[in-house]
Amino acid sequence: MIVETGHFALVLALALAFVNACVPLWGVVSRDDRLMQVAPSVALAGFFLVVISYAALIYAHLTSDFSLVNVVENSHSTKPLLYKITGVWGDHEGSMLLWVLILSLFGAAVAVSGRAMPRDIHAAVLAVQSWIGAAFLLFILLTSNPFARIANPPMDGMGLNPLLQDPGLAIHPPLLYLGYVGLSITFSFAAAALICGRIDAVWARLVRPWILIAWIFLTLGIAMGSYWAYYTLGWGGFWFWDPVENASLMPWLAATALLHSTTVMEKREALKVWTIFLAILAFSLSLIGTFIVRSGVLTSVHAFANDPRRGVFILAILVFFIGGALLLFALRANSLKPGGFFAPISREGALVLNNLVLSTCCATVFIGTLYPLALEALTGAKISVGPPFFNATFVPLFLPLCLLMPIAQTLAWKRGDLLGSLQRLFFAFACGLGVMLLLVALRGGPAISILLAGLAIYTILGAFSDLATRIFRRAALLKGSQVFANAFGLPRSAYGTALAHAGIGLTLLGLAGVGWGAQKILTMKPGDVAQVGPYEIVLESIGPQTGPDYTATAAHMAVRSGGAEIAELDPAVRYYPVRQMSRAEAAIKTVDFGQIYLGISKGEAAGTVDARLYWKPLVTLIWFGAIVMALGGLCSLSDRRLRIGVARRVRRIAVAPQAAE
Amino acid sequence: MLWAIFALLTGLAIFAVLWPLAKPLAKETSPDVAFYRAKLDEIARDAELAAISPQDAEAAKTEAARQLLAAAEKDQAATKPTRPNPWRPRIAALLALVFIPALGLGLYGALGHPNWPDEPLEARLNAPAASLDINAAIARVEAHLAQHPEDGRGYEVLVPAYLHLGRMQDAVHAAQMALQKLGVTPERLTAYGETLVFANNGMVNEAARKQFEQAIAKGPEPKALFYLGLAASQEGDKASARQYWEKLLAQSPPNAPWRSDLEGRLAVLSNQNASPDQAGAIAALPPAEQQAAIHAMVDRLAARLAENGQDIEGWLKLVRAYKVMNEIDKARAALATARHDFNADPAAKARIDALARELGLDS
């Protein structure tokens, strides 16, 4: 009964999505407030129905109801409770339902926050959101129904892919989806702006928190996914330029660009057309990401769905929404009033440069990801575009961007003073250079790591140098307590900017650490000792382990540093009989910001293991940086104040009163 | 109950559309104007806190005020009073009333299974035994064992069920676990050995034989004797087979159900004794002893048939043997007894008649 109620609620949610896709739009077109008023209430009801549906699916998984195909294919009665729950979104059907759940959650959030919005924008946003919801609900019900039943249920299921039986999976997909789907709101805002013909600072102010929310979750989701790959695949890699990873990176780049361009729009009423275009682009890229992952066009660790029918359906959704939005854009863009003009050397100018570079980065990732797929589709030739391509294209674009980032932060709006900005950054620049010289003296190489480390230090210090000048400059003129007043008086969004940019610096520092790591891949038997970087690793014993749904061979290893034992680690290789799959379970010890990473697989001779031992200095900073970026976003999100763009008329060294991020 | 919930949900969905159509309009605010007003307030506040210099504040104020004017102008144009058309909400309401239930029930009708109950695993496992099919029963015991792996009786119960389903390897594992968990007894050793035999297509392999040998070493275990005999006969060691089976026969109570089967097997052994292997052994004997051995063999067969006459092959063999030994009277007598014993069996009778004709004993 619960299962069928969930199924019915899903169908009903589709009906409501259709209603909400049409009635409010009719209201917008005919300027009928009553019809527009329907949108929020229906969005809330739709959300409620999808929640019922999702709860029913979770219930079915929890109770191992094997009359559902979805449960049979992805669950097993012996699976631990946590994975019975996370398994709901670990498979194709459940993850698509999560997609729709988050979509309707955002719809509901927009519905209740409508007071500050013009009524027509509010109704149109919700209507566009309902179009997306209807398309995906139809997709779920017709091609990937999680509530499909079996008349004669088997007594047990096929279990979940062991790679996905991991706490990381509990949060990675929801985070990523919150990001992907969050961009649907900005898309809906863009489409609504085009429909209603309102594209102005008010619009930019309204859409800002939604971009920030999506961006925060996308950042965390990507970082989480990277960390998950790092410790479950057992090879210590954290970014593979895998198409699925790229699929999440592209919307992130577009969302980052969008975040910056809306600031210009809010403050200066400029870059309107471009901002709308970016909003459409960002969501289009997340739809493309969904298509890549969900259609099964590629087979990689993430792509656990494979059904051409689904691929064609998603492609149709993709063409409909991207094509529809671009058509709307083409029809309306000419009627947009261009905003104010600005000098190239100004905050706006720097942000435009940022947008250009980020878009180009995005384009290179797009080409590197889709070119092999297109080539295979057209000629059947299989080529693989991997790290060499991205290292040669993406990296040379992105690194100079980091060099420009602190400069842009110190530039004033409208008319900037490049020389003054550079002067203010002298300290950060000197520190970066100093660190590089120090590293050359101490380590001697590799060059790329030293360069990255210097850049990272410069980026981190540069991110705060603008804040520092603004806090201390006045304090030098006034009394000491003014420092706190200044610090307090600065908008939180300024701190957000600094944090987010410093986060990038931290990640760069983590990447620099890769060059100083050490690794050993060897066959070991109990008693063997291996030296990895500054650590000595002793294999003490090899023994069996049993878990709820797996058996494992575990190696007991001691890590010694300078003769003293600092950790005992048990890397293992697990065997899951239900799926007949093995999975490495790496053991990790964090030392300062670095990690000792041990992985094993069964050795050829009995009583031995093939061990992969790594020392990865500073590696945690890669993800820590992402967390700091997200914190910056959160900080900026908490700033409910309006942004005041001040046009400077006189050339002075004084700082703009408020910065944007 | 299910339909009541469906009706409730459908009602809620329709209500979500009808209610906003019916409720009075919320007062129209003009967020654009409000936005620039808020901006002006903000500038004033910043200026007061000295977070912004007076010149900057002035510049910002001018710009915001300019935008406020533009917004107010646009606002007035946009909110030009339009006469609400009373028919639009009515059409929308009607469409919602028809469309939502139609799509909801229509699509659900095509996809859903309203009559199928939930099937949570636990409830299926706890269903009354009568309504339980063997798979569910097995799963129930398996689930119990996952919780209480020390309960050997569970494994013991599973063995025949697995065998029934042809899950031979599972059966072997269960029998082995039962032996481990419950302790070694002749019965369990035999049961494990027997499962091994079943899993091995009825052949008694070395592992199985070890179990049976251990079993009889620990105490009287008729089944183990039987399988040891079977093992010997499969290996062609008829003498050992006979030894085991005769020992078993001697131990068995007169009404033991396996008696007749066992006797049958012994008879087969005896018959085979006449042919190849034992025949070879007899041929190796000196002539006088040969004759004696053959006589002894035939006498044994006769004695067995006197005890249990339901062995048509035995009778045929006996008749043929008497004829070969030129004891025509005995052959005739055996023929008569056989005819009497198999009076009710036309097929057997036909074979007896055919043999009689062949050997010329009828006339």
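**Exercise 1.** How many residues does helix H17 of chain B have, and what distance does H17(B) reach from its first C-alpha to its last?

*Solution.* The model is predicted: local features need pLDDT of at least 70, side-chain atom pairs count only at pLDDT 80 or more, and totals for chains, interfaces and linings use all residues. Residues are numbered from 1 along each chain as its sequence is written, with chains lettered from A and ligands numbered from 1 in the order in which they are written. Helices are DSSP runs (H or I, at least four residues), numbered from the N terminus. H17(B), residues 328–341, has 14 residues. H17(B) reaches 20 Å, close to the 20 Å expected; the expected span is 1.5 Å times one less than the number of residues.

**Exercise 2.** Determine which residues of H17(B) are buried and where they lie on the helix.

*Solution.* A residue is buried if 20 or more other C-beta atoms lie within 10 Å of its own, exposed if 12 or fewer, and partly exposed in between, with C-beta atoms placed from the backbone. First, B:Ala331, B:Ala334, B:Leu335 and B:Ala338 are buried. Next, seen down the helix axis, the buried residues of H17(B) fall within an arc of 105° (taken from the directions from the axis to the C-beta atoms), so they line one face. Finally, the face turned away from the buried side carries exposed B:Asp329, B:Ala336 and B:His340.

**Exercise 3.** Identify the helices against which the buried residues of H17(B) pack.

*Solution.* Contact requires C-beta atoms, placed from the backbone, within 7 Å. The buried residues of H17(B) pack against H16 (312–324) and H18 (346–359) of chain B.

How values were computed: Helix = DSSP H or I, 4+ residues; strand = E, 2+ residues; numbered from the N terminus. Contact = placed C-beta atoms within 7 Å.
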